[in-house]
Amino acid sequence: MDEKSLYAHILNLSAPWQVNSLSLDKNAGSVTVTVGIAEHTPLTCPTWGKSCPIYDHRHRKWRHFDTCQFTTLVEADVPRIDCPEHGCQTLPVPWAGPGSRYTLLFKFFVLSWLKISTVDAVKKQLKLSWNAVDGIMMRAVKRGLARIKKPLSARHFCVDEVAFKKGHQYVTVISDRQGRALKLTDDRGMESLASYLRCLSDCQLDEIKPLSMDMNMAYISAARIHLPKAVDKIAFDHFHVAKTLCTVVDKTRMAEMKRIPSSDRKGAHRSRYLWFYGKQNRHGRRSDRLEVARLVLPQTSQCWVMKELALDLWHRCYDSHSRKLWQEWMIMAKNSGIPLMVSVGRMVAKPLYDILNAMKNRVSNGSAESLNSKIRLLRIKSRSFRNKERFKLGVLFHYGKLNMAF
């Protein structure tokens with residue numbers, strides 16, 4: 001196989017296109033492949049396929065895969081035909097899209113690198129400008145979004161917010177149970193979720209079973225207005241309740257530390273993290289130290305017992321007794337006499353049906369929290385984004401599972 005046939009095979013050329021010549025520039029470190037159409041080839045209008053005369057040629061150049069250590073460029077005098085019906089039109093080339101400066105294979109190569117790296121790193125590795133790499137990625141996302149015929153829905157929705165940058169600038173992330181980003185909307189208010197729910201058809205809204213979220217009243221209001229039977233579908237993530245209870249334990253411990261004798265204060269201070277260990281990690285020396293701390297800090301111990309009871313209730317199988325057990329827990333919290341625990345009891349009383357929905361459907365917002373962690377890491381690796389729209393497109397590129405093929 002000679003060099004022309006080799007590059008014709010590499011570029012996947014077919015008649016009437018052929019490799020006319022090759023040139024190597026050692027100083028510039030590049031290989032130029034000149035491609036053209038065989039002589040006396042009849043040309044047709046790309047719109048209606050009828051034979052048309054040549055109007056003129058336009059010289060074009062594209063970047064392709066590197067040949068070993070040499071940058072590979074493809075050049076061609078692309079014919080323009082004179083169509084009596086559609087006017088002057090440029091013939092499409094099989095190795096690149098209309099108006100592109102890069103071959104399809106090269107853009108696919110750039111996208112594969114972007115999946116595992118950042119725009120800045122790919123720019124340096126492939127010797128491209130930042131705008132060139134960013135443009136390839138943004139056009140790929142828009143191409144994938146254009147192929148979605150209707151708004152995506154799922155049987156299990158997750159809704160959460162993620163910070164775009166400092167200063168309380170947020171973006172609402174709507175995802176499914178598999179951690180796929182379905183939609184990103186501005187802010188974290190009622191309209192952030194409502195705008196997406198309004199786009200869904202009645203059939204799609206009926207297919208939604210649980211809608212997992214944190215205790216964001218704006219999201220709750222949007223779901224109650226736009227989601228049929230929202231009372232049976234809204235499910236609260238147990239993580240936020242558990243986090244609140246852990247905060248109550250810690251704040252009670254810090255307040256109680258000031259009232260105990262100084263001789264007991266050192267040992268009590270060292271118990272700070274013992275109150276947060278799960279059952280599987282509370283054994284041996286940790287268990288002994290926790291028992292000592294419980295004797296020294298009785299109010300903290302009471303809050304800890306309430307926290308453990310709430311977690312046990314949450315993880316038990318849902319049955320006809322679940323509501324009654326939670327109501328008993330709320331009465332215990334309100335009668336504890338500890339202000340912070342009393343407020344938690346009141347907090348749990350309002351969204352009790354959402355907690356029961358989460359137990360009934362055995363769902364959580366874990367996939368959304370995992371996705372948000374990935375998004376935050378993406379923002380750090382990318383050293384922030386130019387604006388919010390680019391941030392949303394970047395998230396959809398990495399985690400939207402879009403069909404971005406050419």
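## Salt bridges in the model

A search of the whole structure, which is a predicted model, finds 17 salt bridges.

## A pair between strands β3 and β4

One of the salt bridges joins the side chains of E75 and K61, with an N to O distance of 3.4 Å. E75 belongs to strand β4, which covers residues 70–83, whereas K61 belongs to strand β3, residues 54–67, so this pair ties together parts that are 14 residues apart in sequence.

The two partners fall into separate accessibility classes: E75 has a relative accessibility of 16% and therefore counts as buried, since the limit for that class is under 20%, while K61, at 45% relative accessibility, counts as partly exposed.

## A pair within helix α3

D120 and K124 also form a salt bridge, and their closest N and O atoms are 3.4 Å apart. Both residues lie in helix α3, which spans residues 119–126, and they are separated by four residues, or about one turn of the helix. D120 counts as partly exposed, at 26% relative accessibility, whereas K124 is exposed, with a relative accessible area of 57%.

## Packing of helices α8 and α13

Helix α8, made up of residues 238–257, packs with helix α13, residues 339–349, at an angle of about 170°, and the axes of the two helices are 10 Å apart. Because angles over 145 degrees count as roughly antiparallel, this value makes α8 roughly antiparallel to α13. The crossing of α8 and α13 is right-handed.

On the side of α8, the contact is made by T244, L245, V248, K251 and T252, and on the side of α13 by L340, M341, V344 and M347. Sorted by class, the residues in the contact of α8 with α13 are six nonpolar, two polar and one charged.

Note on methods:
Residues numbered from 1 in each chain as written. Predicted model: local features only at pLDDT ≥ 70, side-chain atom pairs only at ≥ 80, totals over all residues. Heavy atoms only, no water. Axes fitted to C-alpha atoms, helices over the stretch in contact; angles between N-to-C directions. Parallel < 35°, antiparallel > 145°, perpendicular 65-115°, else oblique. Left-handed = near helix turned anticlockwise from the far one by under 90°. Contact = heavy atoms within 4.5 Å. Nonpolar A, V, L, I, M, F, W, Y, C, P; charged D, E, K, R; others polar. Salt bridge = Lys/Arg side-chain N within 4 Å of Asp/Glu carboxyl O. Buried < 20%, exposed > 50% of the residue type's maximum accessible area, 1.4 Å probe, protein only.
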